[in-house]
Amino acid sequence: MATPPLVISQRKGVGALLESLRPRQWTKNVFVFAGLIFSGRLFDRVAVLRELAAFVVFCAAASAVYLANDAADREHDARHPQKRGRPIASGRLSGSLAIAASVVLGAAALAASAALSRELLWIVVGYLALSVAYSVRLKRVFLLDVMIVAFGFVLRAAAGAAAIAVEISPWLLCCSFLLALFLALAKRRAELSLLGEAAIAHRAALSQYSVALVDRWLTALSGATIVSYALYTQSPRTVEHFGTTNLLYTLPFVVYALFRYQHLATRDDAAGDPGTLLVHDRGLLVALFGWALTAGIVIYR
C-alpha cells in the first residue's frame, strides 16, 4: 500500500509551537463532559462553566504531554512517514523550547485544577504522572502501553465528575475504558499497516503486536463495550436516576458506530490516524448525532 505524500508545514516560531499543541487532539477531552451530560445538569449554568474550565485544564495538560513526548521522540518521529512532519521532528521547533512550554502548560493545568477542586487536582496530578511514566518507560511495554492510554480517558471522565461534584456510574467508567482501549488498539493497527517492517524501529512495543491479533482484540472489545453500555443503561442506579429504562434506545447507535468504525479501521487501505474517521465519515457522524439526540430526549425530556 502506497503511503500518501506528506505535506510539511513551513510554520516556525509561534506557529510551530501552536501546531505542536495538537489542537485537533483536544476533541479527546470531550470525555470530561460525561459527568455533566449523564448527571442531567446540562442546563445548569454554573456546572457548564466548571466543566468548560475542566476541559481547558485537560487541553493544557494534554498539550504539555504532547510537547514532552515529541521532544523525547524526535529521532523516532523523524523516521516515521507521517510524524516526520511534526514541528520538532522536522526541526521547525527546538526541543528546549518545547520542554519549556510543556512545563508552563503543566503548571498552569495544576494551578487551575486546584482552583476548581481538590479532587480534580489529584486527578490531573495522576494524569501527568502517568503520562511521564508512559513517555519514559511504559510506552515500550506490550499491552500496558495501550491500557495506559485508555485509562487516560477514564481519568478525563472522572475529572469532569469531580469538577461539578457528582458521582459517575462505574458502568459508564468501564464503558469509557473499553471504548478508549478499542480506539487505542485501532491506532496501533494503523501503525502496523502503515509502517510494515519499520514499525518496530518507530515503537518498540509494536514488535509483539500483529494485525491479525489486534483485529481479534478489536472484535472482542467492540462486543464488551456494547455489553457494558447496555448494562449501564439498565442498571438500577441509572434507571432510578433518570426514572426510565428508555436510555436503552440509544444502544443501536452505539452498535452501529462501533461496527462501522471497526470496518473502516480494518480495511486494507486503512492507515494513518484512525481518529480522523470520527470527523470525516458521514455514517459515524450520523450515528453520533442520533445517539446524542436520543440520549438528550431521554435524559432531559
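Biologist: Hi! Is Met-147 buried, partly exposed or exposed?
Modeller: In this predicted model, Met-147 counts as partly exposed because its relative accessibility is 37%.

Biologist: Where does Met-147 sit?
Modeller: Met-147 is in helix 7, which covers residues 144-163.

Biologist: Let's go inside. How many residues does the largest nonpolar core have?
Modeller: The largest nonpolar core has 48 residues. Among those with the most contacts inside this core are Phe-38, Leu-185 and Tyr-229.

Biologist: Which elements give two or more residues to this core?
Modeller: They are helix 2 (34-38), helix 7, helix 8 (170-195), helix 10 (211-234), helix 12 (251-265) and helix 14 (282-300). Helix 8 gives the most, with ten residues.

Biologist: What does Leu-185 touch, leaving aside neighbours within four places in sequence?
Modeller: Leu-185 is in contact with Val-146, Tyr-209, Val-214, Trp-217, Leu-218 and Leu-221.

Biologist: What about the second core, how many residues are in that?
Modeller: The second core is separate and has 20 residues, including Ala-61, Val-65, Ile-123 and Ala-163.

Biologist: Changing topic: which helix holds Ser-193?
Modeller: Ser-193 is found in helix 8. With a relative accessible area of 25%, Ser-193 is partly exposed.

Biologist: How far apart are Ser-193 and Thr-266, in sequence and in space?
Modeller: Along the sequence, 73 residues separate Ser-193 and Thr-266, while their C-alpha atoms are 9.4 Å apart in space.

Definitions and conventions:
Residues numbered from 1 in each chain as written. Predicted model: local features only at pLDDT ≥ 70, side-chain atom pairs only at ≥ 80, totals over all residues. Heavy atoms only, no water. Helix = DSSP H or I, 4+ residues; strand = E, 2+ residues; numbered from the N terminus. Buried < 20%, exposed > 50% of the residue type's maximum accessible area, 1.4 Å probe, protein only. Core = buried A, V, L, I, M, F, W, Y, C linked by side-chain atoms within 4.5 Å. Contact = heavy atoms within 4.5 Å.
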